[in-house]
Amino acid sequence: LYQADEGGYTLAARSLAEHGVYGIAGAPKLGPPLAPAFFAVSFLLGGGNVIARLLQAVVSAATAWMIGRLTRDATGSPRAGLLALAVAAVYPFFIYYSGMLMSETVYLAAVVGGLWALVRSLGERGERLVLAAAAGAAAAAAGLARGEGAPIALVLWILAALACARG
């Protein structure tokens, strides 16, 4: 373990994988369940912390790609998208947190994926409803990953509704 918080996520993930209980030492845990559930997959596969860290690295790489696509779609510039992808791929904190068994990487993937879907839903005509639903699902996932995800999602949806109302 590299940070104290990592221990709590690891214990909750092990409890979920081994006993089917979201908690620590048999006692139910209050808190967002998505990150421990994500880590529990690695324990179910028998890989423990190593597999969990590898899964985090894959999620982090996918997030960097989504940042590039989000930027390209928001700006209309492929060059800006590539620059954003390059910066995200080497950003030290993204690299650092992708190796930690904490909620940051899963949360960031949900937020970026939701923002990307939301940007696309505001610009697309044919897939607008599907993309808006995907943005909503990603916002819900962000709220299940970290507590602050829920109010942030609410603010984004209010802004999106205002943008849609204006045409």
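## A guided tour: rings, cavity, overall fold

Select Tyr9 and Phe39 to begin: both are buried, where buried means under 20% relative accessible area, exposed over 50%, and partly exposed in between (1.4 Å probe, protein chains only). This is a predicted model, in which local features need pLDDT of at least 70 and side-chain atom pairs count only at pLDDT 80 or more, while totals for chains, interfaces and linings use all residues. Residues are numbered from 1 along each chain as its sequence is written, and side-chain values use heavy atoms, with hydrogens and water left out.

**Stop 1: the rings**

Stay on Tyr9 and Phe39. Rings of Phe, Tyr and Trp (its six-membered ring) pair if their centres lie within 6.5 Å; planes under 30 degrees apart count as stacked, over 60 as edge-to-face and the rest as tilted. By this rule the count comes to six aromatic pairs. Tyr9 and Phe39 make an edge-to-face pair, with 6.5 Å centre to centre and 90 degrees between the planes. Tyr9 sits in helix H1 (residues 4–19) and Phe39 in helix H2 (residues 34–44), so the pair ties together parts that are 30 residues apart in sequence. Helices (H or I, at least four residues) and strands (E, at least two) are DSSP runs, numbered from the N terminus.

Ring pairs link Tyr9, Phe38 and Phe39 into a cluster.

Now pick Tyr91 and Phe93. How are their planes set? The ring centres of Tyr91 and Phe93 are 6.0 Å apart and the planes stand at 55 degrees, so this pair is tilted. Tyr91 is partly exposed, at 37% relative accessible area. Phe93 is partly exposed too, at 49%.

**Stop 2**

On a 1 Å grid over the protein atoms alone, a cavity is a set of points where a 1.4 Å probe fits but cannot get out; lining residues have an atom within 4 Å of a point. Grid points are joined across faces, edges and corners, and a volume is the space filled by probe spheres set on the points.

The search of the whole structure finds one cavity of 30 Å³ or more. The largest cavity holds about 120 Å³ of space. Its lining has 15 residues; Val111, Gly114, Ala139, Ala153 and Leu156 lie nearest the centre. Colour the lining by type: twelve nonpolar, three polar and no charged. Here Ala, Val, Leu, Ile, Met, Phe, Trp, Tyr, Cys and Pro count as nonpolar, Asp, Glu, Lys and Arg as charged, and the others, Gly among them, as polar.

Click Ala153, in helix H8. Ala153 is buried, with a relative accessible area of 12%. Draw a distance to Ala138: the C-alpha atoms are separated by 9.1 Å, across 15 residues of chain.

**Stop 3: strand S2**

Jump to Ala27, in strand S2 (residues 27–28). Ala27 counts as partly exposed, at 37% relative accessibility.

**Stop 4: the whole chain**

Zoom out. The protein chain has eight helices and two strands. Along the sequence they run α-β-β-α-α-α-α-α-α-α. The C-alpha atoms fill a box of roughly 55 × 30 × 25 Å along the principal axes. Of the 167 residues, 35% count as buried.

Methods. 1 Å grid on protein atoms, 1.4 Å probe; cavity = no way out; pocket = protein on both sides within 12 Å on 5 of 7 lines; lining within 4 Å.
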